[in-house]
Each structure stands twice: as C-alpha cells, then as structure tokens.
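Biologist: Could you walk me through this structure and the terms used for it?
Modeller: Gladly, let's take a look.

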Amino acid sequence: MKLVFRYLKPFALTLAISIVFLFVQVLSDLGLPRLMSDMVDTGIQAGGIEPGAPEAISAQGLELLTGFQSEEDAETMASGYVLAAAGSDEALSDRFPAAAERDVYRLAGRDGAPLAAVDEAYTRAVFAMALALQGLQDGAAAGEAAAGGTPSLEPAQLYAMAPTFAQLKASGALDPYVAAAAADDSMAGDQLAPTFTRLFYGELGVDLKQFQRDYIVGVGMKMLGVALLGGIAAVVVGWYASKIGTAVAMRMRRDVFEKVGRFSNAEYDKFSTASLITRTTNDVQQIQTLILMGIRLLLFAPIMGVGGIILAIRSSASMSWIIAVAVLAIVGVIAVMFALAVPKFKILQKLIDKLNLVSRESLSGMMVIRAFGNERYEESRFEQANDDLRRTNRFVQRTMAFLFPAMTLVMNLVTLLILWVGAHQIAASELQIGNMMAFMQYAMQIIMSFLMMSMMFIMVPRALASAERIQEVLDTELTIPEPANAKAFERGEGVTVRFDRVSFRYGNAEEAVLEDISFTAKPGRTTAFIGTTGAGKSTLVNLVPRFYDATSGAITMNGVDIREMSQQQLRELIGYVPQKGVLFTGDIASNVLYGKETADEDELREALEVAQASGFVDRMEQGVATPIAQGGTNVSGGQRQRLAIARALIRRAPVYIFDDSFSALDLKTDAALRRALKQFTSNATVLVVAQRVSTIKHAEQIIVLDQGRIVGRGTHQELLDGCPTYRDIAESQLTKEELA
C-alpha cells in the first residue's frame, strides 16, 4: 500500500479537491431523503404547513388557545407574538390578506423563524383543545381532529364555544386535558398542530391550496437543486479520479519500464519476460482501477454509510435496531466472501504470468513447433494454463456473483421489516409516514454503502497483490550499480581494453564460467575469441559493456576500471552486435539510425555499404524506407545480421564487439564484410566472437577458450603450431590447403 500512497503524493491537492466534492455528493445524497420526508409529511399530509406555531393568528385565536394552556405556556405564547395593526405591515398583508383590515398577531422571531418554546406551547394547546373537543362533543369532527385528520369545525364554531371553554377553564375541567397534552410524548401533537394552523390561516384569508402548491414546488425545487448539485459533484469526482488514476498508472509504468531498462542480465534471469510484461500491464491496470474506484467508492461508501446511520437514527431512533441487524448481516456476508476470494488473487496473477509465458513461447517458437510436429503438445500446454486461469477466475467470479444476490436479499428483508415496524408505529402516532420513508431510504443507502465497500474489499487485495509485484521490481537491487563518483574518461587516439585476472560466476552457479582471464586488446587490432560451445566466449565479451560484472579481477579502458565509469559513457564507447540480430518495428533507416540518431544520409549509406547491406536494400522497392516487421521477421537472418552490424558501425565507436555476428552470412559475404571492416575499423579496438576459423584467421590476436580458461593465444599460424584445441577446431572446418 505504501507504493500506492507514494505515487498519490504528487496529487495531494487534486485528491483534496476530489474529497471536497465527494463530501458535496454525499451531503446531497443524504439530504434528498429528508426533503422527501418534508414533502410527504408537510407538503402532502399537512397541506404545506410546517409543525409549530403559526406565523400569524387572530386575536380571537390567540385568546382561544390561552384557555388550553398552563400559565407558563400562556406567558410564552404572549411573549412570542406581537400585535400588528391593520394594514401596518404590507408583507404580512400579502401573505395574510385579512391583516389589511384587522389587527392580527404575528410571530416574533429572527426573520420570521418560530421560537422553539412557542412551538411547544402551541402544540400542547391545540392537542389539549382536540382532547377537550373529543371529550365534550364526542362527535365526528372532534374525533377526526384528535386523530390528526381535517376537522369539519370552522373557526367561527370554535369561537362560539369560547364561553363554554372559559367556564370549564375556571372550574378546572380543562386541567386534565392540559395535563394529558403536556405528558404525551407521542407525535400526535406535532401531527395535529398543522390541522389547527390551517384553520387559523383560512380565517386570515390564506388560499390554502395555493399555499400547499407553493410549499410543494419550493421543496421540489430544493430537491432538484440538491440532485443537480450531487450529480455535478459526482461528475467532478469521477473526472478527477480518472485523471489521478491514469496519471499514476502512466508514472508507474514509466518507472517500471525505466527500472527494467537498467536491469543487467542477472536481473533478467530473476524475472521472466512474460512476468515483467504482466507486471507492467495487468498489475498496473489493477492499481489504476483501485485508485479510480477507490476515490469514488472507498471514500464515498464509508462517509455515506456513517452519515446514513446517523440520519436514520435521527429519523427514527426506535427503529435503529433494524440498521444494526442489517449491518451485522452484511458484514457477515462480506467476511465470508473475503475469506474465500482473497487467497485466490495472488494465484490469479501468477496464472496470468504462466499463460503469458506459454503464449509467448508458442508464438515466438512457432516454426520450431511446426518443424517437430509438436502442435498438439503446445496446444495441451496452453490449454492447461488457460484452464487453470479459467477455474481460478470462475471461482472468484462465482464468489463475487453470490455477493449481489445476498445483498439484495438483505436489502429486501430490511425493507419489509421497516414497513412492518413502521406501520405499527404510525398507527400508534409514534412515527410519521415521511420519516418512515426517509428511514427506508437511509437504510437502502447504508446497505448500498456496504455493498460498495464489499466490492472494494474484493478489489483491494488483488490490487495490493499487484502492488507487491510491482514493488518487487522497483525495489530490486541492481547488481550493476552506477558509481557514486564516475571518473572522467579520456579517449585519446584509441581505447585499449585490458582484462586483468578476470573471473566470472553466475549468481547461483557452483563453478565459475570464466577463470583468470588476462589479455590486452589494442586499437587498430582485432582480438578474436574461439572455442567449443559453452567455453564462455559470449560471456566474456558481455563483461565489457557491463551486461554482467566480473566476479573478480578488473577490466580497464585506457587504464580506467569500467566499474568506475558511468554506464552511459561506457556504452557510448562501444558498437555492439549481439548473437541474434534484433530489429525493431519501423523501417530500415530507423533501425540503422538507432545506433546514432543524428547521423546524416551519407553516414547511413556508408554504414550499409560496409555491412554489405546496401545491395539488398537498394533492390527493395522502398529502399531504406522499407518497413521492418516486429522482430525483423520480414527479412532473412543474414539480412538482419547485416543491418545489426550497420547499426553498430554508424556509431563510429572506438570499440566494437561482434558476438558471433557473422554466423548467418555466406562465405563470400563474410569475406567482403571482413575486408570492408578492416579498413573501417582501422583505428578501433575490435573484439570478435566466432565459431568459424575462416572469420578470424587474419586477426592480430586469437584467444582460444576451453571451459572458461585461456588455453591458447596468438595468431592463426602460431595457434596451429602450439594449441591442440585450436588445431582440432581448425582441422574440423578447413582443408589442408586452407590451413596454410
């Protein structure tokens, strides 16, 4: 995980902006259920009138309520309203037309907001009045009012009963109703208050239907605005998440590629090519997906879940146990899925490596496979690797597929439980319908949050496994490090390469491949290496450009140890032609200019002529612009070798290494190439590895290797006379006339 955080560090500001918008999205999503609750409870059921004291009330209405209040509540109500003379307040008259012709009392408060104490006093008063009406009249209207419905009584009828209420108040007959209203802790009073407020508003000339429409439209516009804000925030978060995810993936791929580019052959021996390709592509893609989804879900889901739980409890604390049951069920399902799926993720990445390896070997070795008729065997290898990956993938996918139905089942069961419990509480006036609907929405949001977190729990382990594999590459200690203080190198008129008691052993090998190798290769001279297969010829010349480092001894150029030179400077001195002529996708010109990008057309033509490649290039219809397929498969082996030689020659390097680079050439081309090279490299140090004696018989110095040791050194004739190993090789290849 440290790897992911390290790559996210440069995007701290962008990530902070994403989190801000993420909070906006969460707050928007959590705000919609509350607005929906207001729409149902206030807009539909209460006709757009919010619970609490009315904003304006007639003097008769205020006096009527006083009869159903304790002295303390009556004082609270009196202090909460101020008298507004007829026509004195235009804004009040606009809202309440009767205020233009008669005195009314308006609610005192900041910006018209009702005071909490006045709200409570008013709610208790109307509830006590409803109880009194029910007890006195025992009629349909009073019973309907007590149940929270719309009463059939008009304000005039209530005012006509005012003397009766005054007598009952004086006799103490209303005290039980007042006490009952004060002691009641249900929501009956809150549900009943808007009903009486509607009567008082109607008395003041308010168009109640328009009032309701205005409220519904207002809340609806708020819901629309919140939804739009949440949508915009979601788009911004998604945009930033994509930006961060792709940028991190790009940098990670770049760093892996650069690190692999600095690997020596020892590191390549540790990691297979197929594995490095998988780590650079599939593993990085897993981390990119984690970042992309993590910003949108990993942070979003917990915030949504916690916020949903808090607001659900605020909507109905009595049903909070349902949330606890749902969360426990979800956590249990996720824990089981987690235990089953996580161990498979590391296996999955290794199986992808294996499939890539088999595919790469089969495709690159197709000609050999066909030549030996082993198509069936390779098909079975591929089928086995493919089937292993399929079975593991299927297990993971089936496990994840079970998760969604399980979550859906929990969600539906929770919905049914909320409806069952909520219906009973609504019937007992302990819960409003809108609150139940909001609670249901919050419960769904909580479950969806855990569902999203479960997806992340499945995604995170796989991404972490990929991160470990990438970290393994990035943390690999280079066996050929750059020197802390690289020495400056003076070319002079040429470069002398000296091996001083050099030995080399591969990392896990028991025996040395090269042992006690000492020789000097001078400018203007060719030093050739020959020997039986496995004698260490290619390994020896690979030590010069530091593809490997010598285990002991020293290799110097003009007296400077190559380990004390920067690798870039060292390799700029060398024109290297490997055993296998590797070409890149492009054309002939781009492949030759790979050795020196700044070379002009004359240098290009000269390199092709010396490499004996100009003949076949000129015969091609497009010349140097002829396309080269991947791996150079559209040219022959000999043509690939000559183009690789031209690529090295165009550098005009002081040191040339030809690692068995003439093996695919016919004898005539080989001879012509050697003659041209002799003149072209007259001032260069040339190291040649060869299998054919004819290629090196004119070299100034021939070194014969056998089992990693020098068993002969000298010219062709000197070795024929004094080195049995060389003579055996020469006699196996040349006639008696050619030996002379």
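Biologist: Which residues line the second largest cavity?
Modeller: Ile323, Ala326, Val327, Ile330, Val414, Ala443, Ile446 and Ile447 do. This is a predicted model, where local features need pLDDT of at least 70, side-chain atom pairs count only at pLDDT 80 or more, and totals for chains, interfaces and linings use all residues. Residues are numbered from 1 along each chain as its sequence is written, and side-chain values use heavy atoms, with hydrogens and water left out.

Biologist: What makes it a cavity?
Modeller: On a 1 Å grid over the protein atoms alone, a 1.4 Å probe fits at its points but cannot get out; lining residues have an atom within 4 Å of a point. The volume of the second largest cavity, about 30 Å³, is the space filled by probe spheres set on the points, joined across faces, edges and corners.

Biologist: Why are E5 and E8 called edge strands?
Modeller: The open sheet of 4 strands has the order E5-E4-E7-E8. E5 and E8 (560-561) each have a single partner strand, so one side of each is left without a neighbour in the sheet. Strands are DSSP runs (E, at least two residues), numbered from the N terminus.

Biologist: How do you know that E7 and E8 pair?
Modeller: Pairing takes at least two DSSP bridges; 2 join E7 to E8, so the two strands pair.

Technical notes: On a 1 Å grid over the protein atoms alone, a cavity is a set of points where a 1.4 Å probe fits but cannot get out, and a pocket is an open set with protein on both sides within 12 Å along at least five of seven lines; lining residues have an atom within 4 Å of a point.
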